[in-house]
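Reader: I am new to this structure. Please pick one part and take me through it closely, in short steps.

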Amino acid sequence: MTIRWSLQALHDVDRLVDFIAAHDTAKADEVEAALNETPKKLLHFNRMGSRLSEFDPREVRELRFARYILRYELVGTEIRVLRIFHGRENRF
């Protein structure tokens with residue numbers, strides 16, 4: 001399996017880290033590391049998290065970690081990181 005990040009997911013990381021950095025740069029560094037490392041766990045357990053039926057027939061899943069939500073899709077031998085949100089963020 002390989003991990004591929006969407007441009008939107010990369011922008012999500014930047015957006016979330018920038019928001020935190022405005023208040024606490026050390027915490028922003030910690031969060032950035034966690035956001036970048038968490039998808040690597042999927043290499044060992046690629047079906048972690050709930051499957052989102054609204055995306056059927058695609059296999060899109062949502063993994064919650066710390067205060068964040070990682071949306072990813074399984075396509076062949078790829079894990080595609082689609083989006084990353086803060087749990088309290090308005091996503092609509």
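Author: Start with a network of salt bridges that links Asp12, Arg15, Arg83 and Glu89. A salt bridge here is a side-chain nitrogen of Lys or Arg within 4 Å of a carboxyl oxygen of Asp or Glu. Side chains of opposite charge can pair when their charged atoms come close.

A word on the basis. This is a predicted model, in which local features need pLDDT of at least 70 and side-chain atom pairs count only at pLDDT 80 or more, while totals for chains, interfaces and linings use all residues. Residues are numbered from 1 along each chain as its sequence is written, and side-chain values use heavy atoms, with hydrogens and water left out.

Asp12 and Arg15 form a salt bridge, and their closest N and O atoms are 3.1 Å apart. Both sit in helix H1, 3 residues apart, so about one helical turn separates them. An α-helix has 3.6 residues a turn, so residues three or four places apart point the same way. Asp12 is buried, at 0% relative accessibility. Arg15 is partly exposed, at 34%. The cut-offs are these: buried is under 20% relative accessible area, exposed is over 50%, and partly exposed lies in between (1.4 Å probe, protein chains only).

Helices (H or I, at least four residues) and strands (E, at least two) are DSSP runs, numbered from the N terminus. H1 has 15 residues. At 1.5 Å a residue it should span 21 Å, and its end C-alpha atoms are 21 Å apart, which agrees. The expected span is 1.5 Å times one less than the number of residues.

What covers the buried residues? Ile20 is buried, with a relative accessible area of 15%. Leaving aside neighbours within four places in sequence, Ile20 is in contact (heavy atoms within 4.5 Å) with Lys27, Ala28, Val31 and Tyr68. Ile20 and Val31 are 11 residues apart along the chain, and their C-alpha atoms are separated by 8.4 Å.

Not counting residues up to four places away in sequence, Ile84 touches Trp5, Asp12, Val13, Arg15, Leu16, Leu35, Ile69 and Leu70.

Other salt bridges lie elsewhere. The whole structure holds 13. One joins the side chains of Glu78 and Arg4, at 2.8 Å from N to O. This pair links distant parts of the chain: Glu78 is in strand E5 and Arg4 in strand E1 (residues 2–5), 74 residues apart. Glu78 is buried, at 14% relative accessible area. Another joins Arg71 and Glu62, with the closest N and O atoms 2.9 Å apart. Arg71 counts as buried at 18%, and Glu62 is buried too, at 12%.

The protein has 2 helices and 5 strands. From the N terminus on, they run β-α-α-β-β-β-β. Buried residues make up 35% of the 92 residues. Among contacts between residues at least 6 apart in sequence, 45% join residues at least 24 apart. The C-alpha atoms fill a box of roughly 40 × 30 × 20 Å, taken along the principal axes.
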